[in-house]
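Thank you all for coming. I would like to take a few minutes to walk through one structure, and I will keep to what can be read from the model itself.

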Amino acid sequence: GSKGNGRKGNLAQECRLEDSIRPENSYTTELSQCRSIFLTGATGFLGAHLIRSFIEQYPSDGLSITCLVRADSEEAAMKRIIRNMQHYHCWDDSYKPFIHGITGDLSKPDLGIAPDIYSRLCEEIDVIYHNGAVLNFVYPYEFLKATNVNGTIETLRLACRGKAKYYNYVSSYSVYDTPDKTGRHVFENDPLTTSKGFSLAYSETKWVSEKLTGIANTRGLRTVIYRPGDITGSEEGIWEVDDMVSRVITGSIQMRSIPRTSYCMHMTPVDYVADAITCISRKPEALGQAFNIINPKPVSMKQLISD
């Protein structure tokens, strides 16, 4: 890869998708007929809610959700998926028959999936939801690239091989995190033209992944991009305790003081995000579009603490 971390404005060089990644066949399945789902990031906060949302919104006849998980065996993968959903209070035993855990890794060629399983998935999967990424605000671009960028390339490859699949990419509103966008209204389908000045390498990997998804779309892959805001607790109040927003709240309580900052949070409940992604992804008119799934009313630190 290129030596730079993107801060020198060379991110555009990262946006190259090898020519072979284009749909091998034309689409034969209508969106409404899709039942075979492939999901990455299944053991995360949003992932748990996406699985719940798929089962609630998709017709149950023939529904199958294949989840890519880092684990030593398929049994261990299933355990991780179930334990994660139980942890976020969105598990029901009736879900089990619909879910299949397979072992793999986003940073590896062909997603680290065993060849026989991989070729079967190429022919069977109808729709991909690529939601997996390393979420870290400290690591440099080169470190995040293996999972966040190569994972996008490999899921796009899977989408194009064998049966032509619908492809949903879960990005982040942080793709707007450049100085030229500060204080401006940005529209969902505005082209992301500039990559200069990102404060976080994580945002850079999302920007590059959106560009790669866009290239695949111009080659005939049917894609949709989603940009959630700061994902916060579900309506039941169950929250990811390791993320930045909840850590800020916890830290403020523990220290009995609040950070002096003008930072505003776009607090968007996780179940709303998952339900919106699932709903939008099943509408033919959404294909080729991008959607900002974000709370229109940002909450400032002062408001957060005084409420």
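This is a predicted model: local features need pLDDT of at least 70, side-chain atom pairs count only at pLDDT 80 or more; totals for chains, interfaces and linings use all residues.

Let me begin with the salt bridges, of which the structure holds eleven. In one of them, E56 is paired with R52, and the closest N and O atoms are 3.0 Å apart. These two residues are four apart in helix 1, which covers residues 45-57, so about one helical turn separates them. As for R52, its relative accessible area is 10%, and because buried means under 20%, R52 counts as buried.

Are they buried or exposed? Both E154 and R157 are buried. This pair also belongs to a network of salt bridges, in which E154 and R157 are linked with E18.

The next pair is R227 and E210, whose side chains meet in a salt bridge at 2.8 Å, N to O. Here the pair links distant parts of the chain, since R227 sits in strand 6 whereas E210 sits in helix 6, residues 201-218, and the two are 17 residues apart. Both R227 and E210 are buried.

R227 has brought us to strand 6, and I would like to stay there for a moment. Which way does strand 6 run relative to strand 10? The two strands are parallel, and four bridges join strand 6, residues 223-228, to strand 10. If you look at I225, you will find that its bridge partner in strand 10 is A290. Strand 10 itself spans residues 290-293, with A290 and N292 pointing one way and F291 and I293 pointing the other way, and all of these residues are buried.

Why do we call K79 exposed? The cut-off for exposed is over 50% relative accessible area, and K79 counts as exposed because its relative accessibility is 54%.

Notes: Residues are numbered from 1 along each chain as its sequence is written. Side-chain values use heavy atoms; hydrogens and water are left out. Buried means under 20% relative accessible area, exposed over 50%, partly exposed in between (1.4 Å probe, protein chains only). Two strands pair if DSSP finds at least two bridges between them. A salt bridge is a side-chain nitrogen of Lys or Arg within 4 Å of a carboxyl oxygen of Asp or Glu.
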